[in-house]
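These are my notebook entries on a single chain.

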Amino acid sequence: GPTWPQGSDTWPTTSGSIYVGNLDGQIEAMQRQLRMRPDDDLLNRLARAHYHRFQISGQLDHAVEARSLLSRAYQRNQGGEIALSYAEVLTGFHEYELALEVLASVQQNGADSGRLSTILRAIRRDTELPQGHADEAEQATPAALVGRAQEHVKRGQIVTATRLLKQAQDSYQKTAPYMLAWIHVQQGIIFLRYQDYASARLFFAAAHQRLPQYAVATEHLAETELALGNISAAEDLYRAVAEQTDNPEFYYQLALATRANGKVEEAERLEQRAAQGYKSLLDRYPLMWADHAARYYLAIGDMDEALRLARMNIDARKNLRARTLMIEANQQAGNLEPACKEFAALRRAGYASPELVQLEPALQLACN
């Protein structure tokens, strides 16, 4: 409809360049202040600004700096906002066990219950914590509405998920562009997971238009352009986001686009760069990259490495995404018994995510 996704003409927000420029200015100012006057509250705000910069740009150095700042502060003060921020950043690095240890100290000392439940929901296993555990006020925030939508997608309840995402959009009344871009990306991802590339493109384009620096929007827009056969557009977008983030996943996707455009030698160089990038990141932050790297190794046919990383990922977090990845890795490696057993368990539990639905025909044939 005309207001879904909502464009800048119907709800204008701060331009992406101004928003990111202001954020960079705040980071620089807080860094100067912190050098003159050590203060944990200021340090917490600086770390959160760095992590938000990472969420937008995909530049890992900002996340690493946020983690470093909060780790040092947490050693001095193991309660309050510092601990919540530290747990949130650890969750981004997929270090869930350490994040839960940090949250235990927060719960003992009292904490913002809404923020605490949001972090717990992000790191919990699917069998832990009942759905709908947050209070009504927390559920009504845009971020909480997105979280509820994601739970419905797991069970194939797409109409309900979309209604919640539109409610999240309509309830947002501020001028910062990130939240609306994030909401639109979530809706685009739903369509993408069901391979409705034209509908997905509409939402990714809206997010990209509102916040061009948002790496997740750019790379998913590139993905849909490639799927729709718009190879040159996909190549341009993947090149921009790969250079912005130095993310090996995007270099690999750029290689696919350049190869489709007939640039075989460049594609080979990009594939080598992606391989080296994954090796470097897995050496430094294995849990953070196990999921995406496992999918990369599945794509290039390295089953042993894909299975190793899928097991590492599921050991850290037994959520639906990790369990589905383990099914895919076992299926592609020919390990049908564990793949069939886990698939049947998820379907009995009522899960009907698009990935499970797509796996069903092949697995039903193989498992029977």
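**Entry 1: an aromatic chain of contacts**

I began with tryptophan 4, which is buried at a relative accessible area of 12%; I take buried as under 20%, exposed as over 50% and partly exposed as in between, with a 1.4 Å probe and protein chains only. I note that this is a predicted model, in which local features need pLDDT of at least 70 and side-chain atom pairs count only at pLDDT 80 or more, while totals for chains, interfaces and linings use all residues. Residues are numbered from 1 along each chain as its sequence is written, and side-chain values use heavy atoms, with hydrogens and water left out.

I found ten aromatic pairs in the structure. Rings of Phe, Tyr and Trp (its six-membered ring) pair if their centres lie within 6.5 Å; planes under 30 degrees apart are stacked, over 60 edge-to-face and the rest tilted. Tryptophan 4 pairs edge-to-face with phenylalanine 203, at 5.0 Å between centres and 65° between planes. Because tryptophan 4 lies in the segment before α1 (16–36) and phenylalanine 203 in helix α11 (residues 197–210), the pair ties together parts 199 residues apart in sequence. Helices here are DSSP runs (H or I, at least four residues), numbered from the N terminus.

Phenylalanine 203 is buried, at 3% relative accessibility. Its ring also pairs with that of phenylalanine 191; the centres are 5.9 Å apart and the planes at 35°, so this pair is tilted. Phenylalanine 191 belongs to helix α10 (residues 178–193) and phenylalanine 203 to helix α11, so the contact ties together parts twelve residues apart in sequence. Phenylalanine 191 is partly exposed, at 23%.

I also recorded a cluster of Tyr252, Tyr278, Tyr296 and Tyr297, linked by ring pairs.

**Entry 2: charges over rings**

I counted a charge as over a ring if NZ of Lys or CZ of Arg is within 6 Å of the ring centre and within 35 degrees of the ring normal. Arginine 67 places its charged end over phenylalanine 93, 5.0 Å from the ring centre. Arginine 155 lies over the face of tyrosine 351 at 4.6 Å.

**Entry 3: helix α19**

Which cysteines form a disulfide? The pair is cysteine 340 and cysteine 367, with sulfur atoms 1.8 Å apart; the criterion is a pair of cysteine sulfur atoms within 2.5 Å. The link is left-handed, at -90° about the S-S bond. Cysteine 340 is in helix α19 (residues 336–348) and cysteine 367 in helix α20 (residues 354–367), so parts 27 residues apart are tied together. Cysteine 340 is buried at 15%, whereas cysteine 367 is partly exposed at 32%.

I counted 22 salt bridges, each a side-chain nitrogen of Lys or Arg within 4 Å of a carboxyl oxygen of Asp or Glu. Glutamate 342 bridges to arginine 323, with the closest N and O atoms 2.7 Å apart. This pair links glutamate 342 in helix α19 with arginine 323 in helix α18 (residues 320–333), 19 residues away.

**Entry 4: helix α13**

Arginine 239 and glutamate 235 meet in a salt bridge of 2.7 Å, N to O. They are four residues apart in helix α13 (residues 231–245), which means about one helical turn. Glutamate 235 is buried at 4%, whereas arginine 239 is partly exposed at 24%.

**Entry 5: confidence**

The average pLDDT (the predictor's confidence in each residue, from 0 to 100) is 93, and 94% of the residues score at least 70. I marked residues 127–137, where pLDDT stays under 50.

How values were computed. Helix = DSSP H or I, 4+ residues; strand = E, 2+ residues; numbered from the N terminus. Contact = heavy atoms within 4.5 Å.
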